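Welcome! Please take a look at the structure shown here, and then let us walk through a pocket and a sheet together.

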Amino acid sequence: MISTPQSREELLLRLIKIPSVTQSARENDAALFVREHLSHLAYFKEHPSHLVLIETPLEGDADRPLHTVVARMMAKKSTPKTVVLIAHYDVVDVACYGNEIPYAFDPEELAKRLDPEEFPPRARQDLLSGGYIFGRGSMDMKCGLALELELLRDYDHDRDLFDVNVIVAAVPDEENTGCGMRRAASFLAQLKRDEGLEYIAGINTEPSDPGLPDAPNPLVFLGTLGKVLPTFYCRGLEAHVGNYYRALSAALLSSQIVRLAEAAPAFADPSRGVCHPSWICLQHKTLAREYVVTIPARSVAYFNCFMTTKTPADVLVDMESLAREAVARTCEQLAASHEALSKQGYAPPSRDFGDLPVIRFEEIHQKAARAFEGGEEKFREHMSAFLKSLPKGDMRDLGIELLEEMIRIARIEAPFIAFGFLPPYCPQLSSLTGKPQANALVRAAERVIHEAKERFDTTLDTAEFFAGLSDLSYLGFMGSTESVEAMARNCPGWGELYSVPIGDLAEIDMPVANLGPCGYDAHLKSERLARAYSLDILPELLVSMIRALSEE
């Protein structure tokens, strides 16, 4: 290996200095840098077609240029066996850096300007120690990307380093909805068909801490959690605030949903004695476009929902029961409130809302398609044109706009609660399946853990699921046709606004692992990377992992 801790750190600092904030004008600069950096290697000078820059449209803003970089380095002796390494080059924003925002992408200058006293003891100690690299993307995940690029440089220098093909995919948009990895998955599927490749494993180099916070040792993850975004759209009845009991507040309905769902143990999805967080509300808002003294008639709430064993169809069942409970709690609260106020002299009567409808998004779609003049084909054309007419924006907001247009066409009368999904959809993936290829990856991981202890006196632990969500979700598919259909039917704009190439995922299906650097506090001002393990030890372990896989 010609790469050294110094060369890895130098490359890492160059990558960090590219302010590739997700959905920003500079995000794509990192892709251009990666391609230019790799183009100087002898292998890619000889095989330029093996280093490609793939256009990757960003849903909701397709005019913004984004690219996925796929670098394919074939083994000296021809073989179909291929290991896929993935890394994302986008990072989250830097608003949390406050006065240090101008230095968030300059670790050397940032270290001079950070005030140790503003950090809790652990981060303060790490800053003063000099053993950590601070800065946005230092850990999540410019280090992993730098190590993969340096690994290709080593393979270019020593063509006997591996006897398998190595592909590195550097992707954008992981911190948003993963359009980069979804695009890469389709490219990998086409490459498999065209070149006859056999994908024996996919390895991500995300940092350990987001995958299992506060773990005492570095980790090898043998899978990644799934995720859906359960969404509730509440339609109430408007009235002036002085006529409160003639109306029904959509804010009250959605607030009941949030109260019942947030961190609810009943909705968690434990597996093999390990449990991850239950539902977490990511957005809760009324949809009034301006200030008015009117009871809110429209609101939306959506949640992060991790999956290990559940499918989108299972989550829909949970959502329906939750929505019905929210309706009952709302009616109880209104009745109790009206009774108490009446005893204090409030005269107007309260309206009885009875059994409010609870409707799946797919039911609204079906009703709208039947109601549209000209039939289902004309309805599809109308919805496609309607989507194109909307201003660029967040996919979740665009999905709600599509839903409201279908509600208008279907003439669904308020009040009601509608439920379904908004993007993204990250399928869960595990290598603990017992399949031969998956077992080979598990054995390779065990060898790396043994080597870490023997060579470096470093203890590595294992976990089945990377809990921070990762692009590993798009290197295979464990689900069923029914689970995909449940997602597609209940996600407004599926196939045009947003989709997951399930067929391609099933085609490239490979066992996966995450073996990444150490550090702490991803997405925070105190984000930092542990130099010693991440730049000295981990690169050796990555090489050992690929060698172990090639020998299986």
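## The largest pocket

The largest pocket holds about 1,000 Å³ of space. A pocket here is an open set of points on a 1 Å grid over the protein atoms alone, where a 1.4 Å probe fits, with protein on both sides within 12 Å along at least five of seven lines. Its volume is the space filled by probe spheres set on the points, which are joined across faces, edges and corners.

This is a predicted model: local features need pLDDT of at least 70 and side-chain atom pairs pLDDT 80 or more, while totals for chains, interfaces and linings use all residues. Residues are numbered from 1 along each chain as its sequence is written, and side-chain values use heavy atoms, without hydrogens and water.

## Its lining

The lining of the largest pocket counts 39 residues, with Glu175, Lys227, Gly468, Leu469 and His523 nearest the centre; a lining residue has an atom within 4 Å of a point. Helix H8 (208-211), S9, S10, S11 and S13 each give two or more residues to this lining. Helices (H or I, at least four residues) and strands (E, at least two) are DSSP runs, numbered from the N terminus.

## The sheet

Five strands form an open sheet in the order S10-S11-S9-S13-S12, with mixed pairing. Strands S10 (280-286) and S12 (358-360) stand at the edges with a single partner strand each, so one side of each has no neighbour in the sheet. S10 pairs with S11 (residues 298-307) in the antiparallel sense over six bridges; pairing takes at least two DSSP bridges between two strands. Gln283 stands opposite Tyr302 in S11.
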